[in-house]
Amino acid sequence: MMRLLVVDDEARIRELVAKYARHEGHQVKEAADGETAVALCRSEPFDMIVLDVMMPGMDGFATCQKIRTFTDTPVLMLSARGEEFDRIRGFEAGVDDYVCKPFSPKELMLRIAAIAKRASGGAEGAKKDIYTSGELTVDFTGRLVYVKGEPVDLSPKEYDLLFYMVKNRGIALSRERLITTVWGYDFFGDERTLDTHIKLLRRQLGDCAGLITTLRGVGYRFEDR
């Protein structure tokens, strides 16, 4: 059971998500705008936030950025717009997944469950595990990334993607393998989601972006230099 916060200015959308979430055994609170959502997140804990993009006042992107200043609660964003630009804005704001409207409530519940499963993966008993390649340092245990000694702030999915690629450095990784491993077998999106994350990850790595090589028609490979 999780505590969900459903944020959407359309009451019918909130009611639909809440209905299916409660059927799955989750507790649900609702908010009709970003300001209310931020206030609720400050006053009580949630395990997941389902957040709409197009809202009056503070939109979903701004709301997510505000929430990210004080909590790393997973955020699943809903939007009627599916263009790459909007997905990039969402991931840059710190969302964990992006679902386009209209959506299947059952698919939405599966995505919520998949995000929760990944978020709950602990590091109990883990030994210190650090990888260094030139100006890049990856601390798997601390979930930290440094470029030229400076910390790099990655989104949860960017961390997962980089960590998996580094762990499998020198190996050609197909798009299907990356999606299945990083997003899970129940992922319902397409390869554009992976390519968008790779683009954002390279941007964050700056001078170390070249360590991720594109394999045309196949996928990607992390170069061990």
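How are helices H2 and H3 oriented to each other? H2 and H3 are roughly parallel to each other, a class that takes in angles under 35 degrees. The model is predicted, with local features needing pLDDT of at least 70 and side-chain atom pairs counting only at pLDDT 80 or more, whereas totals for chains, interfaces and linings use all residues. Residues are numbered from 1 along each chain as its sequence is written, and side-chain values use heavy atoms, with hydrogens and water left out. Helices (H or I, at least four residues) and strands (E, at least two) are DSSP runs, numbered from the N terminus.

**Packing of H2 with H3**
- H2 spans residues 34–43 and packs on H3 at an angle of about 15°, the axes lying 9 Å apart; axes are lines fitted to C-alpha atoms over the stretch in contact, and angles run from 0 to 180 degrees between N-to-C directions.
- The crossing of H2 and H3 is right-handed, that is, the near helix is turned clockwise from the far one by less than a right angle.
- Gly34, Ala37, Val38, Cys41 and Arg42 of H2 meet Thr63, Lys66 and Ile67 of H3, where contact means heavy atoms within 4.5 Å.

- Asp86, Arg87, Ile88, Gly90, Phe91 and Ala93 are buried in H4 (residues 84–93), buried being under 20% relative accessible area with a 1.4 Å probe, protein chains only.
- The cover over these buried residues includes H3 (60–68), strand S4 (75–79), strand S5 (97–100) and H8 (191–205).
- After H4 comes Gly94, with a positive phi near 110°.
- H4 packs on H8 at about 55°, with the axes 10 Å apart.
- This angle makes H4 oblique to H8.
- Contacts between them are made by Glu84, Arg87, Ile88, Phe91 and Glu92 of H4 and by Arg192, Thr193, Thr196, His197, Lys199, Leu200 and Arg203 of H8.

**Nonpolar cores**
- The largest nonpolar core has 29 residues, and Leu136, Val145, Leu162, Met165, Leu205 and Phe222 have the most contacts inside it; such a core is a set of buried Ala, Val, Leu, Ile, Met, Phe, Trp, Tyr and Cys residues joined through side-chain atoms within 4.5 Å.
- Elements giving two or more residues to this core include strand S7 (136–139), helix H6 (156–167) and strand S12 (219–222).
- H6 gives the most, with 7 residues.
- Leu205 touches Leu136, Val145, Val147, Leu162 and Ile212, leaving aside residues up to four places away in sequence.
- A second, separate core has 23 residues, among them Cys41, Phe46, Met55 and Cys64.

Conventions
Buried means under 20% relative accessible area, exposed over 50%, partly exposed in between (1.4 Å probe, protein chains only). Angles under 35 degrees count as roughly parallel, over 145 as roughly antiparallel, 65 to 115 as roughly perpendicular and the rest as oblique.
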